[in-house]
Amino acid sequence: MRTLTPFLLCLLLAVPLCAQKNKRDPLTPAQTDQIAEAGIAPVDRLNLYVKFTGEHADTIQGLIKRAHSAARAHRMDDELQDFAALMDELSSNLDIYADRKADIRKSMKPMNEAIQHWQQVLNGITKEPGFDVSLQDAIDSITDLTAQAKQVTADQDAYFKLHPDEKDQDRAEPK
């Protein structure tokens with residue numbers, strides 16, 4: 001029992017360490033700082049997420065052309081995971097700003113154009129065993145984001161047509 005207790009204690013302490021090791025952050029520390037500096041400014045924040053997601057799309061596009069290898073498959077898997085995570089974060093920000101009626105129309109046109117480009121990048125990838133799950137996750141994320149962006153664009157246009165006095169506000173003020 002004396003030797004079993006320290007062993008179990010070490011085992012219990014090792015489990016959280018393994019979970020922390022697998023957690024990826026799709027943003028660099030400098031990018032995280034830029035997002036933090038944008039604070040609650042909806043247009044700036046959304047534009048940064050579009051920019052950073054686009055950088056991952058460009059990296060993925062570069063990897064498509066490389067010779068097939070285990071290292072390429074691993075890198076593609078990592079980039080696709082980061083890409084999907086950033087699209088999910090962009091989607092969460094869209095939800096927040098749309099719910100509070102922030103005027104994000106200035107971000108929507110460039111975002112919709114970027115989404116079309118990202119779809120083309122993903123469509124140019126052939127499935128491989130090393131990253132097929134990550135590719136499917138990215139495809140699912142972009143499908144959801146495409147539908148959401150179209151809906152938010154339509155909702156924003158309709159809302160600000162009816163409420164022109166709230167144009168360019170970060171959030172609708174309660175009346």
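Which residues of helix 5 are buried? In the predicted model considered here, local features require a pLDDT of at least 70 and side-chain atom pairs count only at pLDDT 80 or more, whereas totals for chains, interfaces and linings use all residues. Residues are numbered from 1 along each chain as its sequence is written, and side-chain values use heavy atoms, with hydrogens and water left out. The buried residues of helix 5 are S107, M108, M111, A114, I115, W118, V121 and L122, where buried denotes under 20% relative accessible area, exposed over 50% and partly exposed the range in between (1.4 Å probe, protein chains only).

The chain averages a pLDDT (the predictor's confidence in each residue, from 0 to 100) of 87, and 84% of the residues score at least 70. Where pLDDT is low, the predicted coordinates should not be read in detail.

The chain contains 6 helices and 0 strands, assigned as DSSP runs numbered from the N terminus (helices: H or I, at least four residues; strands: E, at least two). Of the 175 residues in the chain, 37% are buried. Among contacts between residues at least 6 apart in sequence, 73% join residues at least 24 apart.

The largest nonpolar core has 38 residues, and L80 and W118 touch the most other members. Such a core is a set of buried Ala, Val, Leu, Ile, Met, Phe, Trp, Tyr and Cys residues joined through side-chain atoms within 4.5 Å. Helix 2 (29-38), helix 3, helix 4 (70-99), helix 5 (105-123) and helix 6 (132-162) each supply at least two residues of this core. Helix 4 provides the largest share, 10 residues.

Helix 5 comprises 19 residues and reaches 27 Å from its first C-alpha to its last, close to the 27 Å expected at 1.5 Å a residue; the expected span is 1.5 Å times one less than the number of residues. Its buried residues pack against helix 3, helix 4 and helix 6. W118 is itself buried, with a relative accessible area of 1%. Leaving aside neighbours within four places in sequence, W118 is in contact with V50, T53, G54, A57, F83, M87, L90, I142 and L145.

The structure holds 2 aromatic pairs. Rings of Phe, Tyr and Trp (its six-membered ring) pair if their centres lie within 6.5 Å; planes under 30 degrees apart count as stacked, over 60 as edge-to-face and the rest as tilted. F83 and W118 form an edge-to-face pair, at 5.9 Å centre to centre with 80° between the planes. This pair links distant parts of the chain, with F83 in helix 4 and W118 in helix 5, 35 residues apart. F83 counts as buried at 0% relative accessibility. The ring centres of Y159 and F160 lie 5.1 Å apart with their planes at 85°, so this pair is edge-to-face. Y159 is buried at 15% relative accessibility, as is F160 at 4%.

H56 lies in helix 3 (residues 42-64) and is buried, with a relative accessible area of 10%. Not counting residues up to four places away in sequence, H56 touches P26, E79, D82, F83 and L86.

Conventions:
Contact = heavy atoms within 4.5 Å.
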